[in-house]
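Q: I am new to this structure. Can we go through it feature by feature?

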Amino acid sequence: MTYTQEVQKLFGARTLERLHEELDTPVIGACDVLVCGGGFAGITAAVSAARCGARVVLLERSGSLGGLASLGMVNYVTPYRDWFEQVVGGIGAEIIERLKETGGLEGEYDVTEEHPWLAERLGWKEELFGKTGGRTRRGVQFDSEQLKILADELTAQSGVEVLYHTQIVEARSEGGRVTLAVAETKSGRVAFRAKVFVDCTGDGDLAARAGAGFLKGREQDGKMLPVTSMFRIRGVDVARAMGYQRERREQYGYADLLKAAKAGGELDIPHSYILVRPTVYQDGLEVNGTRVAGIDGTDVFDLTKAEILVRRQAQQLVELFRRRVPGCEGAYLAEVAPLIGVRETRRIVGEYIIGDRDLPSGAKFPDSVGRGTIHVDIHNPSGDGYDIRPVRAGDWYEIPYRSLVAKGFFNLLTAGRCISATSVAQSGLRLYLNVFVSGQGAGTAAALLAREGCPAAKLDVSLLQSTLVKHGVKLCPDNN
Ligand SMILES: Cc1cc2nc3c(=O)[nH]c(=O)nc-3n(C[C@H](O)[C@H](O)[C@H](O)COP(=O)(O)OP(=O)(O)OC[C@H]3O[C@@H](n4cnc5c(N)ncnc54)[C@H](O)[C@@H]3O)c2cc1C
């Protein structure tokens with residue numbers, strides 16, 4: 001699909017007339033690498049490019065960095081340390097270590113806690129993951145506010161110029177070379193020139209507008225993963241509430257409660273399980289429990305509908321907790337994440353499309369920019385339940401550089417949840433540990449491309465890999 005087709009599909013039937021605008025837009029910046037979108041992908045891309053000597057500008061539509069990890073309140077990196085080793089290195093590991101120093105919590109991570117339905121399957125662990133040798137996984141929960149501050153520090157220290165309140169709305173390209181990214185800012189419309197562009201908007205906004213082809217949703221019906229906004233409740237006796245959850249661990253705390261509430265008409269959420277965790281607030285819990293299916297996160301009408309529904313669902317869940325969960329009698333809804341939890345939208349078609357089997361089978365690539373072990377994590381796009389496709393304990397897959405290069409483009413790369421993959425593979429690649437890998441891979445490649453002046457598809461892969469290793473990326477188990 002192309003951006004023009006997408007716009008036509010969305011607005012075609014609604015168009016009353018057309019407004020032809022003549023614009024006179026100032027071009028205000030020229031840099032080596034322009035990174036668009038400041039989530040974990042954008043932070044790692046921008047910082048790595050700057051550390052490789054590039055002049056980098058990072059544009060972010062909101063007022064802070066972090067994306068879903070800050071404004072989306074998705075503050076959990078699992079599994080940071082895997083059964084056999086800590087797979088992530090480089091800037092990802094640096095961010096997590098620094099977050100631990102400023103209020104992050106590292107904890108034992110049992111896969112059943114992330115995917116409760118696994119607990120219902122006898123022998124699930126060995127069946128799914130192979131022999132773990134009694135080893136465990138560890139995850140890190142962090143404070144989203146501390147992440148915003150750390151990201152400001154990291155970007156400033158590495159010399160990245162950050163511009164907030166700047167939303168990419170258009171891009172210009174000539175003969176496969178992106179020339180300008182156009183943004184609306186609080187102060188008006190401006191354009192940026194760069195040698196290399198890295199799209200880290202999650203939705204592929206820049207690449208789509210530059211004319212790159214993209215895919216959306218499952219092959220069979222185009223459906224995308226459901227939207228979930230995180231929320232926080234406060235006024236909770238956390239010890240009592242978590243005690244209740246622990247006592248019902250085999251049904252992940254709330255499965256029976258949710259079932260009964262749905263049957264009784266108290267709850268209207270297409271979900272059987274919810275994740276509830278303590279927060280940095282002593283009287284607070286954070287809840288991953290809303291779910292709206294059938295939403296396209298690049299469709300403004302769908303987004304509006306989803307925003308209203310997730311708030312209503314959050315309110316229903318708080319009322320249910322107040323009535324039924326010990327310790328939550330005085331609970332109130334403290335905050336629904338200001339950034340809606342979109343998991344999947346455009347996947348920009350690259351020089352390689354990471355396939356359904358590549359992650360579970362532990363595919364290795366000669367142009368690897370890093371490794372991953374986290375499973376494919378498909379939340380049912382049509383309603384209830386999950387489909388997880390694990391990687392055998394001790395094995396890993398690799399993310400190829402070609403999946404970051406927009407097909408046919410001289411100077412356009414992607415990182416984060418919009419890289420080139422099938423819908424199934426995206427369900428694993430969208431997770432933080434892989435986002436760090438694609439972010440640092442794309443940022444490093446962008447700096448080298450700006451220096452070498454060659455087309456993205458012709459970059460010297462051995463130079464890219466040796467630069468990544470020099471900056472702490474773990475390309476193979478030996479350089480642990
Ligand atoms: C409810 C939920 C729970 C999750 N749980 C986990 C989990 O436990 N572990 C895990 O690893 N992952 C989890 N994920 C997935 C993970 O949060 C995302 O896949 C990840 O944040 C993607 O990173 P990103 O940098 O690609 O995109 P994002 O975090 O979405 O960042 C994109 C950034 O780009 C900006 N932007 C967007 N459009 C524009 C534009 N046009 N111009 C300028 N800026 C723009 C946004 O404001 C944002 O800052 C979860 C996701 C959700 C929704």
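A: Start with a term: helices (H or I, at least four residues) and strands (E, at least two) are DSSP runs, numbered from the N terminus. The model is predicted: local features need pLDDT of at least 70, side-chain atom pairs count only at pLDDT 80 or more, and totals for chains, interfaces and linings use all residues. Residue numbers begin at 1 along each chain as its sequence is written.

Q: In what order do the four strands form the open sheet?
A: Strands of a sheet pair through backbone hydrogen bonds, either parallel or antiparallel. Two strands pair if DSSP finds at least two bridges between them. The order is S12-S13-S11-S14, with antiparallel pairing. Strand S12 (275-278) and strand S14 (332-336) are at the edges, each with a single partner strand, so one side of each has no neighbour in the sheet.

Q: How many bridges join S11 to S14?
A: Four bridges join strand S11 (residues 231-234) to S14. Phe231 stands opposite Val336 in S14.

Q: Into which domains is the chain divided?
A: Domain bounds come from an automatic or database domain assignment. They give domain 1 (27-110 + 136-222 + 344-479) and domain 2 (231-336). The contact takes twelve residues from domain 1 and eleven residues from domain 2.

Methods. Contact = placed C-beta atoms within 7 Å.
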